[in-house]
Amino acid sequence: MVKDNNGQYEIGGIGIASLVEKYGSPLYIYDTAIIRRQYERLIKAFENTRLDIHYACKALNNINIMRYICGLGAGLDAVSIQEVQLGFKAGFDPKRIIYTSNSVSVLEYEQAIETGVHVNIDNLYVLKQIGDKYGDSVPVSIRINPHIMGGGHLKISTGHADSKFGISRHRIPDILEIVKTCGMKVSGLHMHTGSDILDIDVFLKGAEVMFDVARHFPNLQFLDFGSGFKVPYKPDDYATDIELLGSLLTQRFNDFCKEYGKELTLKFEPGKFLVSQAGYLAAKVNVMKQTASTVFASVDTGLNHLIRPMFYDAYHHIINASNPNGTPHVYTVAGYICETDTFAKDREISEITVGDILVFQNAGAYGMTMASNYNARPRPAEVMLRDGKDYLIRKRETLDDLLRNQVDIA
Ligand SMILES: *Cc1c(COP(=O)(O)O)cnc(C)c1O
């Protein structure tokens, strides 16, 4: 988001106020130029090895966004059979889709296999069932739990010893036993240690664990390092140094491939890195209220549309698009839900009055996909900006949508 010549905020060359006027409030806005920039950054950082990017679409699964990312050349990381089906609708080739689910039934793995996507298995029980049924006819990959603590918040750390994700790196003998008995082909190994990982040592340590494990599997084609790249949330915030990670990991990876005797592919599955900064949630200020110590600015959205601040204590930078050059004051920005849904506490924002449009930044990932109808509120519309044009890619919900599957037995 930048200011235009008149000092007004715009996204992708289009004024925020005009978008809200056209599509209403609250509104999710996605700028594809930023998705492309992030994608190209990652490609460039790993240009000296065989990189393959799979977009983790649970971050943002509007099929237009998925189709755009497919068009950039990415594959897909799907965590449910429904995400696989969305992937097909968006144009992804089954061969470019990795299905990495957790705690799902063997039946769902079988459904995924029938569609031709690659399955990544994260527990010994399913490994055995799939091995018994398919033997060597379906190559699989295995999600390893590296026992590494990483991530910006315990709720988004997935690779520590007590996490429900993956098969412990200490259970390799059990994996090998099943693979051997069933004659399975293991074509890849996978790990994903969490989200918002700033420290590139976490990735490098994870890589060493993967290399150790990989020595036990002679038929690998790829190592998948998952994701978890941290993006900047505040103006001057730290973020994962992708360029440095690219050069360090490329070197280690290429060395390992020499030792392994084969040119493996290095995979990542970024969600947040590709779409977080591309997305904005614009909302209108309904009410201003002053208490003994706080000035509240209350908006026409809440934890039903953007739950990350309440769920993960996530920071979302907020700007006042209606008063871009005003004097900053301290505000607490709260939602309209009947819960304490505070977006930001005691935050400096340029002077706010009723009717102003506030914009939450970094709302592209885990914003709309985590939205709900709590308090019987419809979910917002979504708009995609591409080449200087705006496209409505999801209509605002209505009362009819809320009633659609209710069965009235009166
Ligand atoms: C959620 C998830 C990702 C994406 O994580 P980000 O932090 O959004 O990049 C990648 N891989 C798997 C298996 C995931 O569950």
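## Close-up views of pockets and aromatic contacts

**View 1. The lining of the largest pocket comprises 12 nonpolar, 14 polar and 9 charged residues.** The model is predicted: local features require pLDDT of at least 70 and side-chain atom pairs count only at pLDDT 80 or more, while totals for chains, interfaces and linings use all residues. Residues are numbered from 1 along each chain as its sequence is written, and side-chain values use heavy atoms, with hydrogens and water left out. Ala, Val, Leu, Ile, Met, Phe, Trp, Tyr, Cys and Pro count as nonpolar, Asp, Glu, Lys and Arg as charged, and the others, Gly among them, as polar. A pocket is an open set of points on a 1 Å grid over the protein atoms alone, where a 1.4 Å probe fits and protein lies on both sides within 12 Å along at least five of seven lines; lining residues have an atom within 4 Å of a point. Points are joined across faces, edges and corners, and the volume is the space filled by probe spheres set on them. The largest pocket holds about 710 Å³ of space. It is lined by 35 residues, with Lys58, Thr158, Phe165, His192 and Tyr366 the closest to its centre.

View 2. Domain bounds come from an automatic or database domain assignment. Helices (H or I, at least four residues) and strands (E, at least two) are DSSP runs, numbered from the N terminus. At least two lining residues come from each of helix H10 (272–275) and helix H11 (308–312). H11 gives the most, with 3 residues.

**View 3. The second largest pocket contains about 220 Å³ of space.** Of its 13 lining residues, Met1, Gln277, Tyr280, Gln361 and Asn362 lie nearest the centre. The lining is made up of 7 nonpolar, 4 polar and 2 charged residues. Domain 1 and domain 2 each contribute at least three residues to this lining.

**View 4. Phe211 and Phe256 belong to one aromatic cluster, together with Phe46, Phe203, Phe225, Phe229, Phe253, Tyr260, Phe268 and Phe273.** Rings of Phe, Tyr and Trp (its six-membered ring) pair if their centres lie within 6.5 Å; planes under 30 degrees apart are stacked, over 60 edge-to-face and the rest tilted. This rule gives 13 aromatic pairs. Phe211 and Phe256 are stacked, because their ring centres are 4.5 Å apart and their planes at 15°. The pair links distant parts of the chain, with Phe211 in helix H8 (residues 200–214) and Phe256 in helix H9 (residues 242–260), 45 residues apart. Both Phe211 and Phe256 are buried (under 20% relative accessible area; exposed is over 50%, partly exposed in between; 1.4 Å probe, protein chains only).

**View 5. The rings of Phe225 and Phe268 form a tilted pair, because their centres are 6.2 Å apart and their planes at 45°.** This pair also links distant parts of the chain: Phe225 is in the loop between strand E12 (222–224) and H9, Phe268 is in strand E13 (residues 265–268), and they are 43 residues apart. Phe225 is buried at a relative accessible area of 2%, and Phe268 is buried at 0%.

**View 6. The charged end of Lys267 sits over the ring of Phe222, 4.8 Å from its centre.** The criterion is NZ of Lys or CZ of Arg within 6 Å of the ring centre and within 35 degrees of the ring normal. The charged end of Arg386 sits over the ring of Tyr391, 5.1 Å from its centre.
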